[in-house]
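Work through the exercises below with the sequence and the coordinates at hand. Try each task before reading its solution.

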Amino acid sequence: MSTTIEPAPLPLVKTARPERWRLLWPLAALALIVLFNLIVTPRFLSIEIKDGRLYGITIDIVRRGSQVILLAIGMTLVIATGGVDLSVGAVMAVSGAATATLVVEHHWSPAPAIGVGLVLSLLAGAWNGILVALLQLQPIVATLVLMVSGRGIAQLITTGQIITFENPTLVFLGSGSIWGLPFAVVLALATLAAVGLLVRKTAAGLFIESVGNNPTAARFAGVNERLVKVMAYTVSGLCAGLAGLVAAGEIKGADANKVGLYYELDAILAVVIGGTALAGGRFMLVGSVIGALIIQAVTTSILTGGLKPELTQVVKGIVVIGVCLLYSTKFRRAVMAPFGRRRA
Amino acid sequence: MLRMKMTETEVLQARGIVKVFPGVRACDGIDFTVRRGEIHALMGENGAGKSTLLKVLTGAYQRDSGEILLEGQAISPRSPAHAQSLGISTVYQEVNLIPTLSVAENLFLGRQPKKWGRIHWSAMQRGAAAALSRLNVHLDVTRLLGSYSIAIQQMVAIARALDVSARLLILDEPTSSLDADEVRRLFDLLMQLRREGLGIVFVTHFLGQVYEITDRITVLRNGKLVGEYLTKDLPKLELIQAMMGRELAAFELRQRGDEPPAARATPFVQTTKLGRKHAVQDVDLDVAPGEVVGIAGLLGSGRTETARLLFGIDKPDEGEIVIDGRPTKLSSPRKAIREGFGFCPEDRKTEGMIPDLSVRENVALALQSGKGWIRALSKAKQRALADRFIKAINIATRDAETPVRNLSGGNQQKVILARWLASNPRLLILDEPTRGIDVGAKAEIQKLILSLAKEGMSILFISSELEEVVRCCSRVAVLRDRRKVDELRGDISEEQIMRSIAGGAA
Amino acid sequence: MTLSYGTPLSRRFPSLTQQLPLISTAVVCALLYAIGSICYSGFFDASTFSEFFAGNAVLGVAAVGLTFVILSGGIDLSVGSMVGFVSILAGMMVERWHWSPALAVPAVLAMGCAFGLLAGVLIHVFELAPFLVTLAGMFVLRGLALTIAPDEGRITLNHEFFVWPTTHAIMMGHARIRLIGIFFVFIAVIAALALRYTRFGRNVYALGGNEQSALLMGLPVGRTKIAIYAISGFCSALAGIVACVDMGAGEPSAAMGLELDAIAAVVIGGTLLTGGVGTVLGTILGVLILGIIQTGLTLDGRLISWWTKIVVGALLLLFITLQKLLTKATARA
């Protein structure tokens with residue numbers, strides 16, 4: 001009996017990278033940047049302790065990067081389901097605005113105010129998830145709605161002003177420190193741990209990856225595809241809310257117009273650099289965190305290198321295209337073709 | 001343009017077409033000839049090489065060897081567009097036009113008449129109306145194509161093909177989503193075109209239509225040409241035998257499970273008059289614990305559609321499903337799984353496996369989704385589960401952590417089987433579980449099916465290989481033209497099934 | 001033997017259902033205008049009406065280019081940054097480097113075109129996601145704009161080329177119609193004609209309707225797709241020049257977030273985000289709707305400007321949902 005004839009399908013888009021090596025590239029990139037900086041600025045890695053706090057360029061990078069780290073954690077889950085969340089910047093503005101306004105204008109104590117800010121961002125995320133999963137809008141379109149109106153809502157809350165505050169608890173969120181470490185960093189790490197536990201100790205991670213990799217097969221295996229998506233966007237909203245609080249605490253005020261502006265790309269970039277494919281499927285939270293650190297390290301290098309700070313945006317834009325080209329099979333084939341021929 | 005003389009000359013001659021994919025010779029030296037003024041059926045089951053041959057002819061694939069002559073000229077179509085410009089046009093089941101543009105535009109896209117450098121709309125609309133009325137179709141050409149039925153969209157596609165000057169028209173399953181009246185109209189048109197001398201290739205799953213309209217039949221099987229026949233000289237039964245073939249299995253004799261006890265156990269699942277428009281009708285099935293029930297029929301006869309209705313993927317619009325004696329609505333696969341169903345889909349690549357995830361994760365997926373989000377199987381438990389099945393059903397993989405995309409077809413199939421076995425279903429629906437896998441793995445999977453039934457599982461077994469249907473099943477439901485037409489029991493032979501598919505007569 | 005097909009009731013008025021998105025846009029537009037006219041004196045007035053065009057000329061010109069992209073099923077997030085970059089680049093060229101506008105304007109337009117072309121190549125040849133490529137483009141352009149800007153941030157434009165259009169206007173009765181408003185309408189008309197009367201224009205629709213089919217029909221899919229992004233780049237560069245005239249300055253942070261308004265205008269104008277259906281006329285109506293909302297909310301002291309964003313977001317959602325329902329309904333029919 002002959003074997004049945006069935007054209008072997010060409011390999012699908014996504015390239016399978018061996019599990020163990022997946023963090024290698026982002027780590028190598030980070031090491032390279034650190035090395036480069038070490039040569040240019042020899043005191044790059046030095047850390048000193050003043051008043052029980054750690055100071056140094058690396059600490060600064062981690063502290064400044066913490067907002068993007070927070071966003072990237074949520075964004076990772078969304079991208080893993082095959083979607084994208086463009087509203088994270090606007091959601092940051094909403095949570096900061098709500099918390100600051102409640103504390104400053106309505107004299108709430110910080111804890112419930114923070115709670116309200118986070119609940120709002122959670123609802124914003126769930127809203128995105130519902131549009132994507134239940135109304136089945138394309139993720140870009142669905143999250144665009146909140147990207148447009150989110151800032152309007154934030155301005156509505158602050159009645160268009162920049163709400164400044166001195167409340168120590170709120171300030172602590174952005175510039176306080178615990179055990180010598182900036183609180184924002186501790187918060188980002190805690191969020192990483194919490195989301196990591198959420199996805200790896202429950203079935204969420206398995207479900208997200210199967211939905212992102214092959215939604216039909218996942219549905220046929222009984223995975224509740226819609227709930228998975230709603231959850232991912234909700235987590236992303238919540239992470240954006242946390243980042244918004246940190247951002248507000250850092251500048252001691254809620255600026256609905258500027259907070260988190262253009263952070264969407266930073267977060268997407270961090271996820272992509274971290275090795276999670278934009279098409280969805282396998283995701284790596286730690287990779288995304290490294291990605292965020294790489295972005296911040298590059299930014300800091302540009303600043304310490306004496307270049308115009310505005311150039312960082314140009315660099316980020318070019319890097320994101322470069323990384324995506326590296327993952328694009330078409331590009332690899334086009335670039336590798338001459339080498340292949342030479343070898344043959 | 002169609003004013004050729006009616007002569008018995010060849011429009012298309014393909015000789016010795018070979019197309020090889022990694023590991024598979026999809027077309028293995030196929031000859032195929034179409035003459036002027038004939039409607040020629042191209043028949044074959046899954047993997048016969050039918051669609052590969054068509055893709056080579058229409059330029060979607062490049063052949064590895066062989067030659068194609070179009071009216072005596074050697075051609076090598078590089079792309080569908082190129083094939084079209086040479087005179088080979090294809091009309092697909094999914095009409096490949098632009099639904100959001102008007103009928104007239106669809107006829108003239110890319111070659112609109114111009115006046116003073118701009119598109120001359122009124123001339124285009126007149127031209128469109130004229131092109132359609134040549135086919136005796138009269139409609140408002142300014143309306144969007146998408147606002148018309150599939151049948152009319154097909155007419156427009158044919159009109160475009162003819163207007164671009166087709167010498168060979170290929171119709172790929174044109175009647176699948178048409179009702180009887182629409183099929184009638186399409187056939188009238190085809191007969192008119194035949195009279196005008198066009199060569200037409202007609203691909204369909206409906207045997208009745210083949211006998212109704214075609215002059216000649218070419219049958220392919222396993223990438224090879226079985227033969228070319230005059231339709232009127234080929235009885236239905238022989239056609240079916242040619243398509244399904246009969247290959248002697250040297251490796252094992254029939255070892256069907258024991259006949260179920262005289263009084264059959266009460267069925268676990270029972271369907272009455274189950275059906276869905278344009279999918280399948282009148283499906284009465286019942287499966288008792290410990291039984292393997294087969295579903296036989298040609299490709300496109302409604303086998304997969306039946307499985308999809310049962311597993312809650314598509315919603316039936318008539319009939320009911322009774323589980324353990326209580327009528328149940330299965331609105332989603334999740335609901336079906338909760339009732340104790342499992343389903344190995346026919347197309348494991350797009351519907352079965354999660355290619356980037358490991359064997360371990362693929363095996364654990366259904367069990368985990370049944371348990372819910374919170375009660376997660378630990379990695380160690382998943383690992384143990386996967387290792388158990390790797391051993392039990394001989395999955396050839398380096399370890400449980402290998403992504404399933406790296407496994408061979410047969411082993412991917414086993415992983416998906418293992419996924420369901422792990423969740424211990426009461427009814428397992430298997431849609432072509434042995435398709436595209438090697439002989440050894442086939443025998444193993446068949447053995448596994450029988451032993452599962454012995455342990456009390458109900459199994460619904462869909463296969464186009466009659467030999468394994470006969471070997472494994474104690475009863476066989478036969479589908480023809482999307483309707484259940486027969487149920488065989490007792491000592492079933494392959495010939496009996498084929499006779500039933502052919503419709504008793506012939 | 002003649003085949004004629006009976007028309008079911010639901011298909012009796014096909015032209016109406018085909019035009020439903022455009023009609024609903026027109027109705028919303030008229031309704032908003034009526035409400036404005038009732039609530040505020042001076043709303044129903046030729047000069048106010050012409051200001052809806054002139055005051056939104058930058059948005060309008062960019063949105064016209066974006067219409068091509070969205071019609072083809074893609075998206076371009078870089079239009080706002082392009083406006084900012086072009087406005088400062090043209091300003092620097094003319095005011096600091098003393099180029100003649102006759103050289104500077106074609107140069108920046110060519111730059112816009114080339115940038116769009118590059119995006120198109122990345123999207124078509126290397127199959128990168130359009131949103132990602134143009135999001136990166138948005139960063140690069142805004143970064144470049146801020147980088148080349150002088151330390152004081154903006155450049156006042158004194159060259160006659162930029163001043164003349166603001167000092168001259170067409171008078172209709174006592175209504176003063178600004179030239180940039182007319183320019184916007186002019187560009188829109190050219191775009192509408194190109195979409196309707198050229199093969200390229202029809203190919204844009206075909207591409208958005210079904211890319212696979214377009215390919216099988218032998219249409220030049222790749223060339224069309226790349227040209228579409230080039231056109232969008234060109235139009236947003238043109239919008240940058242209009243911005244120079246409008247503001248009388250080159251401003252690197254001009255048109256921040258304009259891409260969102262432009263997308264909103266196109267979608268509210270009845271163009272399907274999935275592509276294939278839409279018109280430039282709809283886009284003009286979409287721009288008008290945004291203009292009316294903005295003017296109305298500004299005139300009303302109680303409703304302050306940020307409501308614009310919320311209302312625009314809500315309208316966007318409304319129209320997207322409407323589109324979704326419509327496509328579902330047609331699919332079922």
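**Exercise 1. Determine which way each residue of strand E20 of chain B points, and whether these residues are buried or exposed.**

Step 1. Leu427(B), Ile429(B) and Asp431(B) point one way from E20(B). Leu428(B) and Leu430(B) point the other way. In a regular strand, side chains alternate between the two faces of the sheet.

Step 2. Apply the burial cut-offs: a residue is buried if 20 or more other C-beta atoms lie within 10 Å of its own, exposed if 12 or fewer, and partly exposed in between, with C-beta atoms placed from the backbone. Five of the five residues of E20(B) (residues 427-431) are buried, so the strand is largely enclosed by the rest of the structure.

Step 3. Note the conventions. This is a predicted model, in which local features need pLDDT of at least 70 and side-chain atom pairs count only at pLDDT 80 or more, while totals for chains, interfaces and linings use all residues. Residues are numbered from 1 along each chain as its sequence is written, and chains are lettered from A and ligands numbered from 1 in the order in which they are written.

**Exercise 2. Find which strands pair with E20(B).**

Step 1. Helices (H or I, at least four residues) and strands (E, at least two) are DSSP runs, numbered from the N terminus. Two strands pair if DSSP finds at least two bridges between them.

Step 2. Strand E19 (residues 341-344) of chain B runs parallel to E20(B), joined by four bridges. Gly342(B) has Leu428(B) as its bridge partner.

Step 3. Strand E21 (residues 458-462) of chain B also pairs with E20(B) in the parallel sense, over five bridges.

**Exercise 3. Describe the packing of helices H4 and H9 of chain C.**

Step 1. H4(C) covers residues 57-71 and H9(C) residues 179-197. Their axes are 9 Å apart, at an angle of about 10°. Axes are lines fitted to C-alpha atoms, for helices over the stretch in contact, and angles run from 0 to 180 degrees between N-to-C directions.

Step 2. The pair is therefore roughly parallel. The classes are: under 35 degrees roughly parallel, over 145 roughly antiparallel, 65 to 115 roughly perpendicular, the rest oblique.

Step 3. List the contact residues (C-beta atoms, placed from the backbone, within 7 Å). H4(C) contributes Ala57(C), Gly60(C), Val61(C), Val64(C) and Thr67(C). Among those from H9(C) are Phe183(C), Phe184(C) and Ile187(C).

Step 4. Sort by class. The contact has nine nonpolar, three polar and no charged residues. Ala, Val, Leu, Ile, Met, Phe, Trp, Tyr, Cys and Pro count as nonpolar, Asp, Glu, Lys and Arg as charged, and the others, Gly among them, as polar.

**Exercise 4. Locate what surrounds helix H10 of chain C.**

Step 1. Nine of the eleven residues of H10(C) (residues 199-209) are buried, so this helix is largely enclosed. Arg202(C) and Tyr205(C) are among the buried ones.

Step 2. The buried residues pack against helix H3 (103-108) of chain B, and against H4, H9, H11 (211-216) and H12 (221-247) of chain C.

**Exercise 5. Characterise the side of chain C that touches chain A.**

Step 1. 38 residues of chain C contact 34 residues of chain A.

Step 2. Helices H7 (130-148), H13 (258-268) and H15 (306-332) of chain C each supply at least two residues of this side.

Step 3. The chain C side has 28 nonpolar, six polar and four charged residues.

Notes
Two residues are in contact if their C-beta atoms, placed from the backbone, lie within 7 Å.
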